[in-house]
Amino acid sequence: MRRKTARKWAVVLCLVMLLALVAGCGKSETPAPAEDTIKLGFLGAKTVKNANYGIPGEKGMKMAIEEINAKGGVLGKKLEGIYEDNKGDSREIANIATKYCTVDKVAAMIGDPATGLTKIAADIAQKNQVVIFSAGATGTGVVEIGDFVFRNTLLDKFAAPSVVDWMINTKGWKNIAIITSLNNGYSTALTPVFKSAIEDKGGNIILEESVNDGETDFTAQVTKLKQANPDVLVFTGYYTEAALIMLEAQKQGLDIILVGGDGLYGEDLKKLGGSAVEEKVIFYAGFSADQPSPETDAFIKAYRAKYNEDPDMFSAQYYDAVMIIAQAMEKAQSSDPKVFKDELAKLKDYPGVSGNTTFLPDREPLKSPVFLLTVKGDKFPALLEKIPTSAPQV
Amino acid sequence: MLLQQLVNGLTLGSTYALIALGYTMVYGIVQLINFAHGEIYMVGAFVGLFLVTAWNVNLGLAMLGAMAVCMMLGMTVERVAYRPLRGKSSRLSPLISALGASIFLSTLMALLAGVNTRRYPAIVDLSSYSLGPVQVSSMQVIILLVSAFLMIGLHMLVRRTRIGKAMRACSQDLEAAALMGINVNRVISYTFAIGSALAAAGGVMVGIYYNAVWPYMGTMAGLKAFAAAVMGGIGSIPGAMLGGITLGVLEIMGVAYISSSFKDAIAFGILILVLILRPQGILGQKISKKV
């Protein structure tokens with residue numbers, strides 16, 4: 001008898017799960033009739049890992065699409081965003097990118113904020129001849145994947161040398177320690193950029209350490225750091241680990257400035273780090289809500305009105321990405337990625353809300369200026385200084 | 001620096017030991033690797049965080065509260081995910097069920113609390129004192145003392161009480177113990193409760209010490225603690241303590257004197273070495289396979 005009831009329950013459970021599955025599918029496929037819209041696929045994490053980049057990114061993208069649609073859309077068609085959650089996972093993003101390209105037939109994918117994941121999606125985009133436009137991938141080897149691959153963000157290879165120059169020549173911090181997060185592709189790619197810049201500008205790297213994302217025990221590394229006593233610490237990973245390193249430093253009585261890239265751009269830096277990071281963590285980014293340009297100002301006001309919070313770099317860059325793609329489609333008079341990608345590559349001096357963008361001949365974005373940001377009191381991020389981007393020889 | 005790193009290592013090691021005890025106790029009795037154990041530790045950290053933020057309780061109460069909740073959670077997991085499978089199916093099924101329970105708990109917590117890393121409000125003074133060349137923070141002292149206290153308590157419980165005697169009997173032979181009139185299900189329930197309580201205490205202290213609580217914190221901690229339990233000899237309670245502390249110290253010393261890039265490689269390399277030289281673990285007993 002018991003076994004029979006158990007079996008009944010199992011059947012009921014299976015049915016419920018099946019129903020949930022069907023309901024779930026229904027939710028993600030609510031589009032208007034297919035041909036009347038131009039589809040854009042969102043790449044980014046809304047849960048698990050890197051959600052702090054994906055969630056504002058999605059908001060920025062949605063806002064841009066709504067604004068364009070309110071003005072009549074692109075080429076007489078409405079834009080339609082599809083927003084899947086890739087959980088910051090390399091398998092998930094491969095599945096989602098393939099779905100966007102083959103099932104949804106999107107014109108372009110926007111994202112991912114992370115370099116490693118962008119590369120995975122870019123391979124798929126290039127093969128399927130769909131434009132991918134990353135609003136955050138700062139590492140190397142992205143646009144090299146092919147002519148359908150674009151990005152619009154302040155590149156580490158332009159920003160890091162400017163920041164190192166500021167550290168050594170403006171601040172006089174010559175003895176530098178570097179910490180890398182080994183299981184973080186962004187970090188392992190950024191460390192060599194910093195290291196070569198430090199060598200170029202005449203600084204000394206006196207200690208190199210490493211951590212892993214997801215770890216919480218940094219006692220040993222900080223003890224070593226304390227003994228080496230550098231002028232400044234460069235950390236190339238993300239905000240969570242940066243906050244935890246600084247908390248450990250505070251615990252061990254080590255007073256030090258931590259400098260890093262836009263991987264530190266997450267509100268959790270302040271929430272987690274508290275007094276340990278206040279005016280002690282400095283990072284660069286291509287966007288700051290302080291001292292806005294007229295375009296940025298309008299964007300910030302609209303964003304605040306819509307979401308009741310301040311936009312960050314990712315919301316601004318996803319917003320710009322949609323706007324830039326829409327403009328390229330209009331200019332090319334086509335929403336076919338094979339056609340409008342060439343128009344996209346010609347972008348010059350685009351006054352976006354996340355700064356000024358020009359695509360160089362190799363399709364790499366040159367953005368200016370570099371904002372040095374920090375945590376000040378309750379304010380995150382607070383503008384510390386604006387420094388010029390060290391432009392490459394074109 | 002050696003002394004300082006030793007203190008760092010002992011602190012890390014005692015937290016591993018607290019979690020490792022849960023693995024080893026459960027394994028000792030039902031030969032099940034309870035993969036959901038790391039998640040119990042995570043839930044403990046969150047319950048403590050909730051108590052502290054909602055009612056502003058002190059460390060002791062937060063720990064007791066977390067231990068109580070996790071005791072019930074541990075027993076529930078056992079009741080729901082393992083007991084229905086016990087004896088009826090292969091040894092593999094409860095293991096898969098354990099993985100499921102682990103994923104269920106971490107995802108549930110991610111839904112309830114969000115995926116962001118949270119920090120504890122400052123309920124313990126985290127500043128450190130200089131003892132000669134060594135800086136020791138009050139939280140480090142608390143972790144060392146509380147862990148030692150809990151481990152001694154566990155030892156007394158297993159050696160000196162009736163339920164402890166029942167546990168030892170069950171670990172020797174579950175069926176024979178049942179034939180002698182021991183309520184095996186109740187003993188297993190208690191084992192899960194005690195192991196979970198230790199993990200919860202560890203979760204709260206680690207949360208405060210490292211200032212970081214997040215839904216997926218149990219996975220890596222669980223893995224490390226599991227490795228510690230295996231290294232010490234799975235099934236052996238002193239082995240889990242020794243394994244945890246050894247693993248913590250080795251990890252820290254690896255970072256301090258070899259390279260932080262090889263931190264996990266060193267720790268797990270030594271684990272493999274131990275298993276090659278002493279397959280039963282440092283303090284494990286050679287098991288003659290029951291036929």
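Chains A and B meet through 23 residues of chain B and 24 residues of chain A that are in contact, meaning that their C-beta atoms, placed from the backbone, lie within 7 Å. This is a predicted model, in which local features need pLDDT of at least 70 and side-chain atom pairs count only at pLDDT 80 or more, while totals for chains, interfaces and linings use all residues. Residues are numbered from 1 along each chain as its sequence is written, and chains are lettered from A and ligands numbered from 1 in the order in which they are written.

**The side of chain B that touches chain A**
- Helix H1 (2-30), strand S2 (134-137) and helix H10 (237-258) of chain B each supply at least two residues here; helices (H or I, at least four residues) and strands (E, at least two) are DSSP runs, numbered from the N terminus.
- H1(B) gives the largest share, four residues.
- By type, this side has eleven nonpolar, eleven polar and one charged residue; Ala, Val, Leu, Ile, Met, Phe, Trp, Tyr, Cys and Pro count as nonpolar, Asp, Glu, Lys and Arg as charged, and the others, Gly among them, as polar.

**Domains of chain A**
- Domain 1 covers 34-154 + 292-363 and domain 2 covers 157-285 + 372-387, with bounds from an automatic or database domain assignment.
- Their C-alpha centres lie 29 Å apart.
- Ten residues of domain 1 are in contact with 14 residues of domain 2, and those on the domain 1 side divide into three nonpolar, six polar and one charged.

**Overall build of chain A**
- Chain A has twelve helices and 15 strands.
- Its C-alpha atoms fill a box of roughly 70 × 65 × 40 Å, taken along the principal axes.
- Buried residues make up 52% of the 394 residues in chain A; a residue is buried if 20 or more other C-beta atoms, placed from the backbone, lie within 10 Å of its own.

**Around strand S8 of chain A**
- Strand S8 (residues 232-235) is covered on both faces, with A:Val232 and A:Val234 buried on one side and A:Leu233 and A:Phe235 buried on the other.
- Strand S6 (residues 175-181) runs parallel to S8(A), joined by four bridges, and A:Ile179 stands opposite A:Phe235.
- Strand S9 (residues 258-260) also pairs with S8(A) in the parallel sense, over two bridges, with A:Leu233 opposite A:Leu258; pairing requires that DSSP finds at least two bridges between the strands.

**Confidence**
- Mean pLDDT (the predictor's confidence in each residue, from 0 to 100) is 86 for chain A, and 90% of its residues reach 70 or more.
- Residues 23-34 of chain A have pLDDT below 50, and this stretch has four contacts in the model beyond near neighbours in sequence.
- Where pLDDT is low, the predicted coordinates should not be read in detail.

Note on methods
Contact = placed C-beta atoms within 7 Å. Buried ≥ 20, exposed ≤ 12 C-beta atoms within 10 Å, placed from the backbone.
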